[in-house]
Amino acid sequence: MNCFRLAATAAFRPVTAAATAVTAVTALTMAGCAAQVARPAADPQQTSVVVAAVPAEGAAGLYIASEEGLFARAGLRVTIKTIEDPTEAIPLMRRGLVNVASGEYTAYIAADAAGIARMRIVAAEFALGPRVQEIMTAARSPITSPAKLRGATIAVNAVGSETTDLLYTALAPYGITPAQVHVVAVPLPAMPAALAAHRVDAIYEFEPYVTEGGQLYGEQDLIDLDSGASAGFPVAGFGVLESWAAAHPRVVRAFAAVIARGNAIAATNLAARQRALQTALHLSPQVVAVMAAGTFPTALDPVQVQRAADLMLRYGQLRRPFAVASVTGP
């Protein structure tokens, strides 16, 4: 079976016991495809790739690929540049300081729709699963139900992003509109301490910091974002400038193939995922042992990515409908 066709069969498969068994077979079969992964080393194109990534569980496939030498075996020299603010990635790409961004789909769609940069989404990265993204409150907070978030100051990793869109979606069933909360930008690793110090009333936090906040400060889960209209929501993928993709097609194909393998391992090999996250994110064994896991797609599904564009339109980040085929196509 062709490796890319094999990857497509595993796209957005939930990590359930049954799906894990099936995906494990897929991962083992894909491991045998290593020799078929495009090897751009003999090509005159560049093989050194710099990837900008916000430190979070969603990048597990990227970290695994780096830790286990999958990029090197595909002829790529990949450097991961840690950024705290996801809005930094596209400006860094435009300045030539990074080549690939690990980030929210909404960032690529917004940049392309506004004419800031012509983008290509080249690989899927992460989708929601139970408890991987939570709205949390401090220990002994008077906010004991979602309805009490009206008027609250809530920390998000980026204002006007996929995070705020999902936050507003989660608040809507409780009759809370976007105008009835105040959102502020706080880097993900700093959120638990900011909440514990009462600098904000609530946080929209990602794993592993959901678990860390609970263990260190006794912070409480209030809303699981993986529910209702947001269940299984496609969170992040890997994006590049269209001009860079056109100049380096073999590098793009090799990178995407390696990410598919890294995500297959992240989805099926708990030990490998925990090891990579512990090393890359400097986490304690106690945190990685219990943190929740989302979904690590092994193929890019435009139908799923369209959900992000449609949500952006609903909350005013887009002025008109956006067809994601323009950024996910060849």
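How many residues of helix α7 are buried? Ten of its ten, so to speak of α7 (residues 162–171) is to speak of a mostly covered helix. Buried means under 20% relative accessible area, with a 1.4 Å probe and protein chains only. Helices here are DSSP runs of H or I, at least four residues, and strands are runs of E, at least two, numbered from the N terminus.

A word on the source. This is a predicted model, where local features need pLDDT of at least 70, side-chain atom pairs count only at pLDDT 80 or more, and totals for chains, interfaces and linings use all residues. Residues are numbered from 1 along each chain as its sequence is written, and side-chain values use heavy atoms, leaving out hydrogens and water.

Back to α7. Among its buried residues are E162, D165 and Y168. At its start, a side-chain oxygen of S161 comes to within 3.1 Å of the backbone nitrogen of T163.

Next, the sheet. It is open, has five strands with mixed pairing, and runs in the order β2-β1-β3-β10-β4. Strands pair if DSSP finds at least two bridges between them. β2 (77–82) and β4 (119–127) stand at the edges with a single partner strand each, so one side of each has no neighbour in the sheet. Inside, β3 (residues 100–104) and β10 (residues 234–241) run antiparallel, joined by four bridges. A101 has G239 of β10 as its bridge partner. Helix α3 (residues 60–67) packs on this sheet, touching β1 (48–53), β2 and β10. Contact here means heavy atoms within 4.5 Å.

Terms used:
Buried means under 20% relative accessible area, exposed over 50%, partly exposed in between (1.4 Å probe, protein chains only). A polar contact is a pair of N or O atoms within 3.5 Å; within protein, one must be able to donate a hydrogen and the other to accept it, and residues adjacent in sequence count only if both atoms are side-chain atoms. Axes are lines fitted to C-alpha atoms, for helices over the stretch in contact, and angles run from 0 to 180 degrees between N-to-C directions.
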